[in-house]
Protein chains: 2
Amino acid sequence: MATIQDVAKAAGVSAMTVSNVINDHPNVRTATREKVLAAMARLDYRVNVAARNLRKGRTGTIGLAVPEVNGYYGRLATAIIAAAERHGLRVSIEQTGASRENELDVLSMSRNRLYDGLILSTVGMGSADVELLKVDYPVVILGERIFGGPVDHVAMPNVEASHAATRHLIERGCRRIALVCGPLTDEVDVSSLRFTGYRQALLSAGQPQDPELVQSVERLTMRAGALRARQMVENGLDFDGVFCVTDTVAVGVLRGLADAGVPVPERVKVIGFDNIEESEFLVPSLSTIDPDHDMMAQRAVDLLAGRIERSERNGRTEHGADREEFVSSYSVVIRESTGS
Amino acid sequence: MATIQDVAKAAGVSAMTVSNVINDHPNVRTATREKVLAAMARLDYRVNVAARNLRKGRTGTIGLAVPEVNGYYGRLATAIIAAAERHGLRVSIEQTGASRENELDVLSMSRNRLYDGLILSTVGMGSADVELLKVDYPVVILGERIFGGPVDHVAMPNVEASHAATRHLIERGCRRIALVCGPLTDEVDVSSLRFTGYRQALLSAGQPQDPELVQSVERLTMRAGALRARQMVENGLDFDGVFCVTDTVAVGVLRGLADAGVPVPERVKVIGFDNIEESEFLVPSLSTIDPDHDMMAQRAVDLLAGRIERSERNGRTEHGADREEFVSSYSVVIRESTGS
DNA sequence: CTGAAAGCGCTTACAG
DNA sequence: CTGAAAGCGCTTACAG
């Protein structure tokens with residue numbers, strides 16, 4: 001593997017001049033540049049990024065920590081990679097498996113200067129862990145659970161959008177609306193926030209809040225949704241609408257209702273949240289909330305890139321003061337499952 | 001940011017001893033080790049990975065180049081990240097967008113020693129590009145299109161599994177089986193290979209091969225599948241079975257048939273390929289081919305890790321001679337769409 | 001069991 | 001427009 005020294009020798013110039021050519025610095029005579037380029041081609045020279053990183057103190061790579069690279073997070077990751085590319089940044093993906101421990105691990109790993117910054121999708125960490133976000137490199141939180149922390153935050157309008165989804169069911173004539181959600185906690189997680197929006201909508205409409213209608217499943221998977229929907233029908237639960245806190249679990253709910261012989265939307269109307277790709281093509285197609293994923297991704301990367309630039313100029317990562325909280329826009333997508 | 005020198009000074013030892021502690025080398029007295037660990041904790045020391053990489057000549061990171069991180073490739077990426085972790089390797093994902101150019105870009109980028117090796121999912125490159133795979137670092141090809149190349153290769157049993165899928169439809173009584181596939185080429189791409197399996201099955205069963213039944217769409221998306229299925233019915237095409245070359249396009253086909261009022265499986269039976277997560281929960285649930293993704297991922301990473309180790313020992317990446325070609329196993333998953 | 005020193009391959013003030 | 005040299009922060013033969 002040829003080094004910059006080899007090229008310098010072959011071209012009859014100094015290493016610095018080779019470096020100048022590589023980095024497109026202006027002060028190189030055309031003739032010199034060409035000599036160097038020829039030597040580089042001849043020796044099949046490739047810059048050693050590890051050496052450059054060490055010298056520059058940055059790697060040009062950001063970390064993206066998500067629970068997994070599937071479904072919703074796959075879509076998000078795709079958007080983030082695209083946005084990072086526009087900033088000339090590479091993305092390295094870490095899977096956290098939604099565990100608090102792994103999320104914290106990622107935080108201390110990245111400190112190793114492997115990444116110039118980190119986009120962390122918090123699912124396991126709670127607001128009690130806010131202090132641990134005070135690391136000495138740029139971090140952007142993407143998701144719920146941590147608000148008012150020491151770093152930039154990009155989130156969805158969970159409460160408002162859930163309110164709108166539930167209201168949509170009410171407007172379609174539903175009077176007994178079930179909620180299928182994950183475990184409800186005191187934390188500001190996805191399920192709890194969307195539950196709040198659901199409750200608010202019922203309240204605004206003057207509908208009674210029957211605890212039996214709140215169907216919490218352990219994990220928001222298709223399988224869990226299918227199982228729970230069947231149980232709801234078998235147990236004789238009286239309901240004519242379902243707000244599912246994710247499209248993924250809604251796919252299962254639609255399946256479970258079909259298994260139980262309940263026609264959607266005739267007898268029960270269903271709405272989800274996320275607008276994953278398949279929602280449009282299910283039978284019946286799934287009404288849902290469409291948060292602006294691309295904008296969230298773009299924003300998260302922009303914020304991080306800004307932090308990286310500033311911390312480079314200052315030599316320090318600042319905390320507190322000027323942090324940003326961005327909430328994306330959303331729309332209600334009306335399809336067959338709510339009787340479009 | 002504390003360096004190893006700072007720690008050495010604080011602990012009253014040499015940098016080398018600190019290094020020995022960090023890397024768990026045996027020859028350190030317990031008392032010394034503890035002094036060093038205490039100093040590390042006090043200074044909040046984190047190893048500088050860039051420096052270590054430069055010194056070691058490797059990064060502990062492998063590249064994974066896939067068209068996108070969604071659907072099928074998301075699942076694969078998840079499995080690969082898990083497998084790499086077992087080898088102590090980090091994974092950096094590059095999106096190629098299925099273009100030949102980007103795939104070639106990734107090949108030359110990684111040469112920059114950013115990655116210790118590369119898993120490349122070829123979708124755009126063709127067999128004409130085989131020579132370009134002769135790079136001086138370990139590469140494993142994951143996918144079709146390039147067989148007999150200079151590097152290890154992990155593939156699916158496309159022809160055999162497609163044969164089995166089609167035979168399943170025949171056994172269910174289908175006599176006019178349509179194929180929904182991508183563009184058919186002379187290359188060994190997914191569509192062409194699966195088309196071959198389809199044709200073989202028809203041949204074995206003594207069924208006529210009607211070119212009208214081969215429905216090639218530009219891109220294998222849900223939308224394209226839905227549109228094409230509707231057109232097939234509207235155009236009065238006579239068919240009682242459909243083999244879709246991917247589950248993704250099959251989701252669309254099921255939707256399109258529903259739009260056209262064609263009951264599945266009563267009038268038309270449908271089978272896909274890939275066994276993506278949602279296939280089980282569609283209405284009707286989708287019969288499909290389940291290739292062993294986890295095994296493919298595991299195998300690809302094992303092969304790459306082996307190459308990395310050997311090229312480290314030899315200081316050279318060998319080509320040709322001992323390359324491996326691994327074909328995964330598969331099973332036919334029978335569900336409602338073929339009238340289970 | 002521990003240390004002094006070289007060197008991995010770059011980039012960048014500083015000179016000229 | 002070009003060069004000599006220092007230094008980024010590690011690891012590792014080589015000594016002792």
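A phosphate oxygen of DNA strand C is 2.9 Å from a polar backbone atom of Ser14(B). A polar backbone atom of Arg29(B) also lies 2.9 Å from a phosphate oxygen of DNA strand C. Such a polar contact is a pair of N or O atoms within 3.5 Å; within protein, one atom must be able to donate a hydrogen and the other to accept it, and residues adjacent in sequence count only if both atoms are side-chain atoms.

The model is predicted, with local features requiring pLDDT of at least 70 and side-chain atom pairs counting only at pLDDT 80 or more, while totals for chains, interfaces and linings use all residues. Residues are numbered from 1 along each chain as its sequence is written, chains are lettered from A and ligands numbered from 1 in the order in which they are written, and side-chain values use heavy atoms, with hydrogens and water left out.

**DNA strand C**

Around DNA strand C there are 23 residues, of which Ser19(A), Tyr45(A), Arg55(A), Thr17(B) and Thr32(B) come nearest. A residue is near a strand if one of its heavy atoms lies within 4 Å of it. Sugar or phosphate accounts for 64% of the atoms of DNA strand C within 4 Å of the protein, and bases for the rest. One base contact involves Ala51(A), with a backbone N or O atom 3.4 Å from a base nitrogen of DNA strand C.

At least two residues each of the surface near DNA strand C come from α2 (15-22) and α4 of chain A and from α2 (15-22) and α4 (49-56) of chain B. The largest share, four residues, is that of α4(A). Helices (H or I, at least four residues) and strands (E, at least two) are DSSP runs, numbered from the N terminus.

**DNA strand D**

DNA strand D is surrounded by 23 residues, and the closest are Thr17(A), Thr32(A), Ser19(B), Tyr45(B) and Arg55(B). Of its atoms within 4 Å of the protein, 63% belong to sugar or phosphate and the rest to bases. The surface near DNA strand D takes at least two residues from each of α2 and α4 of chain A and α2 and α4 of chain B, and α4(B) gives the most, with four residues.

| Residue | Protein atom | Atom of DNA strand D | Distance |
|---|---|---|---|
| Arg29(A) | polar backbone atom | phosphate oxygen | 2.9 Å |
| Arg52(B) | side-chain N or O atom | phosphate oxygen | 2.8 Å |
| Arg55(B) | side-chain N or O atom | base oxygen | 2.5 Å |

**Chain A and chain B**

The two chains are in contact (heavy atoms within 4.5 Å) through 48 residues of chain A and 48 residues of chain B. They bury about 4,500 Å² between them, 56% of it on carbon and sulfur atoms. Arg90(A), Arg255(A) and Phe281(A) supply 16% of the area that chain A buries against chain B, more than any other three residues. Buried area is the accessible area (1.4 Å probe) that two parts lose on being put together, summed over both.

Six salt bridges are counted between chain A and chain B, each a side-chain nitrogen of Lys or Arg within 4 Å of a carboxyl oxygen of Asp or Glu. Arg90(A) forms a salt bridge with Glu94(B), where the closest N and O atoms are 3.2 Å apart. On the side of chain A that touches chain B, two or more residues come from each of α4 (49-56), α5 (71-86), β2 (90-95), α6 (100-110), α9 (222-234) and α10 (247-259).
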